[in-house]
Amino acid sequence: MDTIVISSYETETKTPHLIMAFLIAVTITIILLATFPISGGHVNPVISLAAAFTGLISLSRAAVYILAQCIGGILGALALQAVVNTQIEQTFSLGGCTLTVVVPSVNGPHEIGLNTSQALWLEIICTFVFLFASIWTAFDKRQAKHLGRVVVCSIIGIVVGLIVFISTTVTSTKGYAGVGMNPARCLGPALIRGGHLWSGHWVFWVGPTIACLAFAIYTKVIPSELLQN
């Protein structure tokens, strides 16, 4: 994902946000299809947490998945650091999740970006929409069986792409990298590069966790027979 973010902006196109959203949608679909036979498509802590909170998998299994996802995020950041030059690494912070950045100004260093409360709400809302509009389809056995694996994975990819596009355009501001919706992806660059990537890093964990809890509560109001037919 971090590579896609950097590549989209480096193309110098007039619509980097659109290209990035499209590429992310395609990539997510392919990754889900590739990992489904192995882990059921658990490539994101959000998916694993939501599955655990809704009772589809145990908390211990979710913990194992999340640990693996975090290790993957760290290895991905290391791989990216190894192949990009120093300028790109500094400019894009290895594609990490940022709320703010410090830039020079007439009066000295100045912090620009999105405030913590706004970013937290974006994480909660966007993650819940992600779960409701796409992951819910995968969790619902009736819909998943009717639509098929390829269609379900494609829906998830498209929804992620749309949310990324919205969060980097409508709600965008300089210094804010957009909604994370994947704590493991945010963790990798933060551990490898450090610095300002730790500023507000908790938002990218707390927001999705709250959204997963809200989603789990929502599923409890749905009659269980509707999820098993």
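Guide: Take H2 and H8, whose crossing is right-handed. Keep in mind that this is a predicted model.

Visitor: At what angle do H2 and H8 cross, and how close do the axes come?

Guide: The angle is roughly 150 degrees, and the axes come within 8 Å. H2 covers residues 16-39, and H8 covers residues 149-169.

Visitor: Are H2 and H8 roughly parallel or roughly antiparallel?

Guide: Roughly antiparallel. Angles over 145 degrees count as that, so H2 and H8 get the label.

Visitor: Which classes of residue make up the contact of H2 with H8?

Guide: By class there are 17 nonpolar, 7 polar and 1 charged residues in that contact.

Visitor: Let me step back. How many helices and strands does the protein have?

Guide: It has 11 helices and 2 strands. Starting at the N terminus, the order is α-α-α-α-α-β-β-α-α-α-α-α-α.

Visitor: And what share of the residues is buried?

Guide: 45% of the 229 residues count as buried. The protein exposes about 11,700 Å², and 67% of that comes from carbon and sulfur atoms.

Visitor: Which residues make the contact between H6 and H10?

Guide: On H6 they include Leu120, Ile124, Phe128 and Trp136. On H10 they include Val203, Ile210, Phe215 and Tyr218. The residues of this contact divide into 18 nonpolar, 4 polar and 1 charged.

Visitor: Pick one residue for me. Where does alanine 216 lie?

Guide: Alanine 216 lies in helix H10.

Visitor: Is alanine 216 buried or exposed?

Guide: Buried, because its relative accessibility is 7% and the cut-off is under 20%.

Visitor: What is alanine 216 in contact with, leaving aside its neighbours within four places in sequence?

Guide: Alanine 216 is in contact with Phe53 and Thr54.

Visitor: How far is alanine 216 from leucine 131?

Guide: In sequence the two are 85 residues apart. In space, alanine 216 and leucine 131 are 9.8 Å apart, C-alpha to C-alpha.

Definitions and conventions:
Residues are numbered from 1 along each chain as its sequence is written. This is a predicted model: local features need pLDDT of at least 70, side-chain atom pairs count only at pLDDT 80 or more; totals for chains, interfaces and linings use all residues. Side-chain values use heavy atoms; hydrogens and water are left out. Helices (H or I, at least four residues) and strands (E, at least two) are DSSP runs, numbered from the N terminus. Buried means under 20% relative accessible area, exposed over 50%, partly exposed in between (1.4 Å probe, protein chains only). Accessible areas come from the Shrake-Rupley method with a 1.4 Å probe; for residues, only the protein chains shown count as cover. Contact means heavy atoms within 4.5 Å. Ala, Val, Leu, Ile, Met, Phe, Trp, Tyr, Cys and Pro count as nonpolar, Asp, Glu, Lys and Arg as charged, and the others, Gly among them, as polar. Axes are lines fitted to C-alpha atoms, for helices over the stretch in contact, and angles run from 0 to 180 degrees between N-to-C directions. Angles under 35 degrees count as roughly parallel, over 145 as roughly antiparallel, 65 to 115 as roughly perpendicular and the rest as oblique. A crossing is left-handed if the near helix is turned anticlockwise from the far one by less than a right angle, and right-handed if clockwise.
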